[in-house]
Amino acid sequence: MRSTHTTAVALARLAGELVGHRFKGLPPDAAGLTVGELAAQRRNLFDPASGFTTPVLALSAERLEHNLALMESYAARHGLSFAPHGKTSMAPRLFQRQIEHGAWGITLAVPHQVRVAREFGIQRVFLGNELVDAAALRWIAGELAADPEFRFVCYVDSVRGVELMDAALHGAARPVDVVVELGAGEGARTGVRTEAEAAAVADAVAGVKTLRLVGVAGYEAQVPGAGPESVRGWLERLVALAVEFDKAGRFAGAGEIVVSAGGSEWFDAVAEVFAGIPAMSLPVLKLLRSGAYVSHDDLHYRRLTPFNRVPEEGALEPAFRLWAQVVSRPSPGQAFVNAGKRDAAYDLGDPVAQVVRRDGTERQATGIEVTAFSDQHLWLGTGPGADVEVGDWVGFGLSHPCTIFDKWQLIPLAEADGTVVDYIRTFF
């Protein structure tokens, strides 16, 4: 059985992992130390004697804490339970920090991610996908049988899926809790397209003993041409589906009714619509699943965050910065740094040069912009006012947390002055 003690032991194993060649950017002379020993040395990212090498990705300790606290208070203020999407970071230490900041559990996308979460003692998992892999289902059944406190909920969106799940779970000790996924419309991603299809899937669930219907869910950002009115309209459909199912007695075997939505672009609409969920026959778990907030970013989510629409609720802070070194200055209009596609996310916007460091002094990266990518280089265009030389460190803001985290296995957690206080291990 997993427990708080189990989680602590598993996280302690992370601190006992040896530093070495597997981890980019860390000091070469730290090889052979454990991660915990290196963290205890509190080396400074910017002190040449500390030995950090470029490129190196750093996560701000202060901004991380701010973001965790902000979403905890937001969810509580709006009467929402929170299961942040763990696929963003795949970092068990951050999962635990999120739970310490009030999260109900962790949302995940695929079976491997659930295995990581369970290895580190996560007791509540919401899987935002229909799970039809027989081997994974048998493993889930084993976890449920071995740990009475483990709560697992996943999508169903087809009668065929229900049939495959039932076949794989034959003889399971506990039924798997499922929610019918309502798709966001024609041409959107997964999920049933109509209420009639939703009812057919619910009927299929009712016809087997291996599954238990506990709610409805979906992802509002997939609404075609998503805007305030269309997103609210889809969320109202989702709530109406839950109410209809409840009136029909479809949740009779559930201890509570799960109604879940919420990415990182429209959680204000989720909060508004879910506030109007009427009383039902069982308590309602209003489950928000936004995940990118934990690190936020400097481009994509900075533009799209709902906090831009409701500034009185607070503001998330970009917590990542990628440091790379200028390795070539072949002309007055060009410079190259030693980070590229292998190090920086670029699927939702190019990195933005923010600051330049030289001889312990930091200044704004005036006149410097990323113009192209190679595997191991960022191409920089340098205007007349750009003050940048070979050897300088350039700090870049990045876009899209999900593809920032997955390029780094061990990320320094640094305070504002560069003191590294911990290291965040990822598992992708």
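This is a predicted model: local features need pLDDT of at least 70, side-chain atom pairs count only at pLDDT 80 or more; totals for chains, interfaces and linings use all residues.
Helix 7 spans residues 159-168, and its buried residues are G161, V162, M165 and A168. Viewed down the helix axis, these buried residues fall within an arc of 130°, so they line one face of helix 7. The face turned away from that buried side carries R160 and A167, which are exposed. The cover over the buried residues of helix 7 is made up of both helices and strands. Among the helices are helix 6 (134-146) and helix 8 (195-206). The strands include strand 4 (124-130), strand 5 (151-156), strand 6 and strand 7 (211-217).

Strand 6, one of the elements covering helix 7, comprises residues 176-181 and contains D177. Is D177 buried or exposed? Its relative accessibility is 4%, and because the limit for a buried residue is under 20%, D177 counts as buried. The side chain of D177 takes part in polar contacts with two arginine side chains. One of these contacts joins D177 to R151 at 3.1 Å, and another joins D177 to R212 at 2.7 Å. Leaving aside residues up to four places away in sequence, D177 touches R151, F152, V153, C154, R212 and V214. The surroundings of this buried aspartate thus include both of its arginine partners, R151 and R212, together with F152, V153, C154 and V214.

Attention now turns to the pockets. The largest pocket holds about 560 Å³ of space. Its lining consists of 28 residues, and those nearest the centre of the pocket are H85, K87, R189, Y219 and R289. By residue class, this lining divides into 10 nonpolar, 13 polar and 5 charged residues.

The second largest pocket holds about 420 Å³. There are 21 residues in its lining, of which S60, R63, A319, R321 and A416 lie nearest the centre. Which elements give two or more residues to this lining? They are strand 1 (56-60), helix 3 (61-77) and strand 10 (320-331). The lining of the second largest pocket divides into 10 nonpolar, 3 polar and 8 charged residues.

The peptide bond from T54 to P55 is cis, with omega near 0°. P55 itself lies in the loop between helix 2 (35-40) and strand 1.

H296 has a positive phi of about 55°, although it is not a glycine. This histidine is found in the loop between strand 9 (284-288) and helix 11 (300-304). With a relative accessible area of 3%, H296 is buried. D359 likewise has a positive phi of about 55° and is not a glycine. The loop that holds D359 runs between strand 12 (352-358) and strand 13 (361-364). Where H296 is buried, D359 counts as exposed, at 75% relative accessibility.

Key. Residues are numbered from 1 along each chain as its sequence is written. Side-chain values use heavy atoms; hydrogens and water are left out. Helices (H or I, at least four residues) and strands (E, at least two) are DSSP runs, numbered from the N terminus. Buried means under 20% relative accessible area, exposed over 50%, partly exposed in between (1.4 Å probe, protein chains only). A polar contact is a pair of N or O atoms within 3.5 Å; within protein, one must be able to donate a hydrogen and the other to accept it, and residues adjacent in sequence count only if both atoms are side-chain atoms. Contact means heavy atoms within 4.5 Å. On a 1 Å grid over the protein atoms alone, a cavity is a set of points where a 1.4 Å probe fits but cannot get out, and a pocket is an open set with protein on both sides within 12 Å along at least five of seven lines; lining residues have an atom within 4 Å of a point. Grid points are joined across faces, edges and corners, and a volume is the space filled by probe spheres set on the points. Ala, Val, Leu, Ile, Met, Phe, Trp, Tyr, Cys and Pro count as nonpolar, Asp, Glu, Lys and Arg as charged, and the others, Gly among them, as polar. The arc is that of the directions from the helix axis to the C-beta atoms.
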